[in-house]
Amino acid sequence: MTHQAPLIDGYEVVIGIEIHCQLNTNSKIFSNAPTTFGAAPNTAATIVDLGFPGALPVLNEGVIERALKFGMGVNAKLGTYNTFDRKNYFYPDLPKGYQITQMANPIVGEGYIDILVNAGQKDEYTKRIGITRAHLEEDAGKSVHDAVPAMTGVDLNRAGTPLIEIVSEPDMRSVDEAVAYVKTIHELVTWLGISDAIMAEGSFRADINVSVHKPNTPFGTRCELKNLNSFRFIERAIKAEIERQIDLIEDGGKVIQATRLYDPERDETRAMRTKEEANDYRYFPCPDLLPVVISDDTLAKVKADMPELPSVRKERFVSELGLSTYDANVLNGSRELSDYFLQVLDIIGKNNAKIAANWVMGELSGSLNKNELTIDQSPISAERLAGLISRINDNTISGKIAKEVFGHLWESDKSADEIINEKGLKQETDTGAIQAIIADVLTNNQTMVDEYKGGKEKAFNGLVGQVMKASKGKANPAQVNALLKQMIGL
């Protein structure tokens with residue numbers, strides 16, 4: 001469906017995004033240096049990464065397979081003949097004086113990805129964002145600025161780290177669309193298993209191109225917001241830049257194409273350098289690397305290793321399992337969580353998808369978040385959670401008792417059945433026993449009975465509560481409701 005983004009102070013916003021995503025190979029793209037995060041400065045770099053004369057790069061085959069997976073994930077044309085180029089510029093953390101990248105023949109060509117914007121809200125909608133290209137390149141090093149003593153050092157551990165740069169079309173028209181796009185790409189690369197995409201470690205960062213213009217006029221001059229590494233900062237930076245550009249134009253000024261940095265403390269962007277064009281980098285083919293020709297066998301192998309894509313699985317959860325779009329989106333927030341949910345369903349059956357979804361998204365995810373654990377670290381396996389849900393379904397326990405059983409599952413390695421038996425938590429379903437409890441409650445709460453007969457529905461809820469209390473929470477709630485109405489005589 002089409003969606004018309006609202007104007008901001010009479011201006012339309014145009015956003016395009018370049019994402020630098022680190023590929024999760026054990027060694028760098030052109031050397032055998034490790035890619036482990038957090039090593040002491042300059043201890044994870046070889047003479048190739050340091051730019052020593054005569055040290056030749058050797059391509060890491062693993063980056064090719066990962067890039068192809070990404071290309072298949074965004075429905076892209078694949079560059080079965082791709083080449084490497086040199087991007088020339090001077091910077092202290094670039095020891096060779098050039099970066100090896102792909103300009104003329106990238107490994108991933110045109111594609112697209114569908115994003116869900118404002119998920120779970122009334123104005124939720126889907127939009128297709130074009131992917132211009134995605135190419136392989138090496139990362140640069142890092143300048144380290146120390147306050148005491150006042151100095152700048154260079155750490156070349158990141159130099160040569162394998163990246164895939166994902167370039168979108170300028171198809172986004174709002175902050176919400178931009179954030180949804182970055183989140184969708186983040187979800188995809190982790191789902192495919194090609195990157196850990198830990199933003200705090202710099203392995204997934206975005207450059208955001210922003211421009212504004214009046215409706216029915218040419219696009220405005222764009223500015224690039226560099227190296228944003230959190231969804232929150234992306235949102236705040238774009239808002240700040242939109243406001244800056246509109247204020248500038250309204251005051252009679254002119255937007256100058258530039259690279260800008262976002263200052264979160266001041267919530268503003270500031271100029272870093274005038275924006276370069278491609279010819280400023282003097283691109284030319286890298287003489288040290290041969291073209292990469294990808295065989296049909298390699299494509300078939302990568303395709304066979306592709307998991308079901310998150311977009312496909314979300315659609316299946318809605319169409320086959322009857323879940324809401326919101327539930328499908330949450331359950332597919334990570335491949336691990338989605339797989340866990342499917343493992344539960346394999347045991348209890350697809351017709352129990354909603355109750356399984358409620359437990360996975362609710363009690364389980366809540367406990368994981370509280371204890372700062374991932375789904376892979378969950379002390380409750382899919383089999384044990386399925387066992388708990390099965391006991392709810394067959395009325396062995398109530399939903400309330402189930403939460404108590406869940407707590408014991410979390411703290412032990414016992415099954416739900418073992419806990420129910422040991423703790424005496426089996427739900428009371430014997431009609432005669434429940435009727436006896438109700439009779440006592442009615443006798444001791446005549447005022448509530450009269451109030452209910454007089455039309456006060458809250459009084460009935462109070463009577464239900466008294467019955468549940470007398471049964472220590474073990475009476476079947478549905479039976480209690482039916483028998484209570486029957487015995488009151490209304």
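Guide: A polar contact is a pair of N or O atoms within 3.5 Å; within protein, one must be able to donate a hydrogen and the other to accept it, and residues adjacent in sequence count only if both atoms are side-chain atoms. This is a predicted model, in which local features need pLDDT of at least 70 and side-chain atom pairs count only at pLDDT 80 or more, while totals for chains, interfaces and linings use all residues. Residues are numbered from 1 along each chain as its sequence is written, and side-chain values use heavy atoms, without hydrogens and water.

Visitor: Which backbone oxygen lies 2.7 Å from the side chain of Ser195?

Guide: That of Gln22, the distance being to a polar atom of the Ser195 side chain. The backbone nitrogen of Ala197 lies 3.0 Å from a polar atom of that side chain.

Visitor: Where does Ser195 lie?

Guide: In the loop between helix 2 (175–191) and strand 10 (204–213); helices (H or I, at least four residues) and strands (E, at least two) are DSSP runs numbered from the N terminus. Leaving aside residues up to four places away in sequence, Ser195 touches Cys21, Gln22, Asn24, Val189, Thr190 and Ser203, with heavy atoms within 4.5 Å.

Visitor: Turning to the sheet, in what order do its eight strands come?

Guide: The order is 5-6-9-1-10-11-12-13, in an open sheet with mixed pairing; two strands pair if DSSP finds at least two bridges between them. Strand 5 (111–117) and strand 13 (268–274) each have a single partner strand, so one side of each lacks a neighbour in the sheet.
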